[in-house]
Amino acid sequence: MQDELTNQPTILVIDDEASIRNVAKAYLEHAGYRVLCATTGPEGLQMALDHQPDLIVLDLMLPGMDGMEITARLRERSDVYILMLTARSDEMDRVAGLRVGADDYLTKPFSPRELVARVEAILRRQRGKTTKGSLMRFAHLEIDPDAREARAAGQLLDLTPTEFDLLLALARNHNRVLSREDLIDKVWGADFYGTDRVVDVYISQLRRKIEAVTGENVIRTARGVGYRFVDPPR
């Protein structure tokens with residue numbers, strides 16, 4: 001998804017506050033990224049579709065179209081990484097952003113250095129993915145690490161990159177309980193900045209998408225410990 005004329009990863013910053021855009025652009029460019037900026041929701045969505053950036057820094061509250069709607073629309077066509085910015089401290093806003101497909105969040109006001117660190121951590125996850133492997137067949141699911149696709153009853157599941165990575169980590173440890181810390185290490189990596197609450201949000205999303213097709217709960221909760229994948233191999 002990088003610009004044809006440069007090897008620099010492209011970051012799109014969508015925020016209606018000039019001070020946020022300017023500081024983010026300055027720090028990200030200093031860190032070696034190519035930075036594009038948009039000031040409204042519709043403009044940001046169009047730039048995301050036209051330029052296909054490697055990562056989007058997306059404000060929750062925007063004129064014309066909020067960050068939730070932009071994320072939902074992007075997830076219909078793109079698996080671009082999304083770091084959502086919010087001025088609200090309410091956990092429900094952060095959870096709602098993750099549920100519509102954001103990959104991480106950062107609460108305003110924030111340190112520009114922390115913004116750069118979050119972007120670097122997310123892009124390291126992208127570069128460091130080693131998902132190659134044989135096709136994995138289970139009673140209700142089929143997971144293709146090479147194609148990064150999962151099917152339920154023959155139907156392609158609409159998973160975000162993070163959801164797929166989480167499902168793959170669970171499936172590769174079939175019937176073994178993985179703690180939230182285990183899953184954070186396998187999916188988000190050592191640079192993860194958030195809380196383990198994010199794991200619960202993504203597990204909930206995975207269950208909903210799988211159960212909508214199969215009617216089965218293949219990801220079980222080990223109360224107080226973590227989660228395990230129980231779909232029988234075939």
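Reader: In which helix is the place of Leu206?

Author: Leu206 has its place in helix H8. Keep in mind that this is a predicted model.

Reader: Why does Leu206 count as buried?

Author: Buried means under 20% relative accessible area. Leu206 has 0% relative accessibility, so Leu206 counts as buried.

Reader: What does Leu206 touch, apart from residues up to four places away in sequence?

Author: Leu206 touches Leu159, Glu163, Leu166, Leu167 and Ile219. Take Leu167 as one of them. Leu206 and Leu167 are 39 residues apart along the chain, and their C-alpha atoms are separated by 7.5 Å.

Reader: What makes the link between the side chains of Asp15 and Lys108 a polar contact?

Author: A polar contact needs a pair of N or O atoms within 3.5 Å, and one must be able to donate a hydrogen and the other to accept it. The side chains of Asp15 and Lys108 are joined at 3.0 Å, as a polar contact. Lys108 is also among the residues in contact with Asp15 when neighbours within four places in sequence are left aside. Others there include Ile20, Arg21, Asp59 and Leu85.

Reader: Which members of the largest nonpolar core touch the most other members?

Author: They are Ile143, Leu167, Leu170, Ile219 and Phe229, in a core of 35 residues. Helices H4 (91–100), H6 (161–171), H7 (180–188) and H8 (197–214) are among the elements that give two or more residues to this core. Strands S7 (141–144), S8 (149–152) and S12 (226–229) are also among them.

Reader: What is Phe229 in contact with, leaving aside neighbours within four places in sequence?

Author: The contacts of Phe229 include Phe138, Leu141, Leu167, Leu170, Val218 and Ile219. His174 and Asn175 are also among them.

Reader: Which residues form the covered face of S7, and which the uncovered one?

Author: Leu141 and Ile143 form the covered face. Glu142 and Asp144 form the uncovered one. In a regular strand the side chains alternate between the two faces of the sheet.

Reader: How do you know that S7 and S8 pair?

Author: Two strands pair if there are at least two bridges between them. Four bridges join S7 to S8, and the strands run antiparallel. In S8, Ala150 is the bridge partner of Ile143. The hairpin of S7 and S8 has four residues between the strands, and Arg148 there takes a positive phi near 55°.

Reader: What about S6 and S7: how many bridges do they have?

Author: Strand S6 (residues 136–137) and S7 pair over two bridges, in the antiparallel sense. At least two are needed, so they pass. Met136 stands opposite Ile143 in S7. A hairpin of three residues joins S6 to S7.

Reader: Why are S6 and S9 said to stand at the edges?

Author: The open sheet has four strands in the order S6-S7-S8-S9, with antiparallel pairing. S6 and strand S9 (155–156) each have a single partner strand, so one side of each has no neighbour in the sheet. H6 packs on this sheet and touches S6, S7 and S8, with its direction at about 105° to that of S7.

Reader: What is the order of the open sheet of three strands?

Author: The order is S10-S12-S11, and the pairing is antiparallel. Strand S10 (178–179) and strand S11 (219–222) stand at its edges, because each has a single partner strand. S11 and S12 pair over four bridges. Thr221 stands opposite Tyr227 in S12. H6 lies across S10, S11 and S12, at about 75° to S12. H8 lies across S11 and S12, at about 145° to S11.

Conventions: Residues numbered from 1 in each chain as written. Predicted model: local features only at pLDDT ≥ 70, side-chain atom pairs only at ≥ 80, totals over all residues. Heavy atoms only, no water. Core = buried A, V, L, I, M, F, W, Y, C linked by side-chain atoms within 4.5 Å. Buried < 20%, exposed > 50% of the residue type's maximum accessible area, 1.4 Å probe, protein only. Contact = heavy atoms within 4.5 Å. Axes fitted to C-alpha atoms, helices over the stretch in contact; angles between N-to-C directions.
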